Amino acid sequence: MVNVHEPGRLEGRLAEWPVLATAGALEVRLAETESEVEAAQRLRYRVFYEEMTAIPSAPMRAQRMDFDQFDAFCDHLLVIDRELIDEDGQPAVVGTSRLMRDVDATRAGGFYTSGEYDIAQILSEFGNGNLVEIGRSCILRDYRTKPSTMQLLWRGVMVYDLRFSIDLMFGCASLAGTDPNPLALPLSYLHHYYPMPEGVRVRARSELYVEMNRMPKVAIDPKAALHALPPIIKGYLRAGASIGNGAVIDRQFDTTDVFIYFPLSNMDARYRSRFARSVGL
């Protein structure tokens with residue numbers, strides 16, 4: 001709820017703000033109330049801890065919500081199905097993602113990502129109010145098989161970035177499991193095919209660093225490796241993102257994390273044209 005009504009580049013040009021985009025019965029919007037943020041936290045709990053294998057803390061289990069100290073400083077994107085009513089009688093939240101700009105991270109005591117990666121270099125280069133961390137992205141199981149849901153969430157993120165003149169989007173994205181050996185193919189593929197630029201390359205914190213280069217490039221089947229990646233990581237790569245140095249094991253979420261680096265100047269021309277049209281640019 002931090003930036004919902006803050007003036008931005010597209011102030012006055014998005015007639016439905018904070019609704020960012022729509023597709024049939026679905027819409028993606030920014031949470032405006034505490035109850036809407038709590039709906040996102042309940043969805044995160046359902047996806048991460050019930051559909052997947054994350055381990056909740058005792059307070060999370062008691063409240064059936066996923067939360068941390070960063071939530072209060074973030075904007076929360078909600079994908080809402082207007083034809084599905086939740087237990088509170090409201091249109092149901094079926095997808096979510098949270099966004100935190102550097103101006104808000106200052107008040108939060110830093111970024112979530114800095115707990116896993118050394119991001120000092122990119123903060124130095126982009127830290128002028130024009131970078132945003134993305135995280136806690138998830139979609140309800142029945143909607144994950146519908147490409148339109150992920151596409152709508154992605155459109156929402158891009159409209160947000162355009163409105164606040166974001167130059168860089170970054171964060172952690174996850175592969176399922178905490179044993180890197182079965183993940184050798186996708187990790188090695190990301191390492192060899194999508195490295196960040198050398199001058200700004202982010203590295204996993206030394207005490208958490210897990211080697212991603214587990215196979216030589218000549219041994220990689222790119223098609224099989226791409227198939228092994230989660231849809232959200234594939235979406236980032238197609239749009240123009242690159243990957244940091246080293247993975248990190250997240251035992252609470254039962255995942256292996258990689259660093260996503262996405263300067264908006266690198267956005268694929270097809271994506272840029274599509275999102276520009278969606279906001280009338």
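Strand E2 (residues 26-30) is largely enclosed by the rest of the structure, because five of its five residues are buried. Here, buried denotes a relative accessible area under 20%, exposed over 50%, and partly exposed a value in between, computed with a 1.4 Å probe on protein chains only. Helices (H or I, at least four residues) and strands (E, at least two) are DSSP runs, numbered from the N terminus. The structure is a predicted model, in which local features need pLDDT of at least 70 and side-chain atom pairs count only at pLDDT 80 or more, whereas totals for chains, interfaces and linings use all residues. Residues are numbered from 1 along each chain as its sequence is written, and side-chain values use heavy atoms, with hydrogens and water left out.

Within E2, the side chains of Leu26, Val28 and Leu30 point one way, while Glu27 and Arg29 point the other way. Strand pairing requires at least two DSSP bridges between the strands. Strand E1 (residues 19-23) is antiparallel to E2 and joined to it by four bridges, with Thr22 opposite Glu27. The two strands form a hairpin with two residues between them, and Gly24 in the turn adopts a positive phi of about 60°. E2 also pairs with E3 in the antiparallel sense, over five bridges; in this pairing Val28 stands opposite Val79.

A search of the whole structure identified 15 salt bridges, each defined as a side-chain nitrogen of Lys or Arg within 4 Å of a carboxyl oxygen of Asp or Glu. One of these connects Glu27 to Arg82, with the closest N and O atoms 3.0 Å apart. This pair links distant parts of the chain, as Glu27 belongs to E2 and Arg82 to E3 (residues 75-85), 55 residues apart. Glu27 is buried at 12% relative accessibility, whereas Arg82 is partly exposed at 37%.

Arg44 takes part in salt bridges with two aspartates, Asp66 and Asp71. The contact with Asp66 has an N to O distance of 2.8 Å. In the second salt bridge, the closest N and O atoms of Asp71 and Arg44 are 3.0 Å apart. Asp71 is located in the loop between H2 and E3, 27 residues from Arg44, and is likewise buried. Arg44, Asp66 and Asp71 are linked with Asp68, Arg98 and Arg136 in a network of salt bridges.
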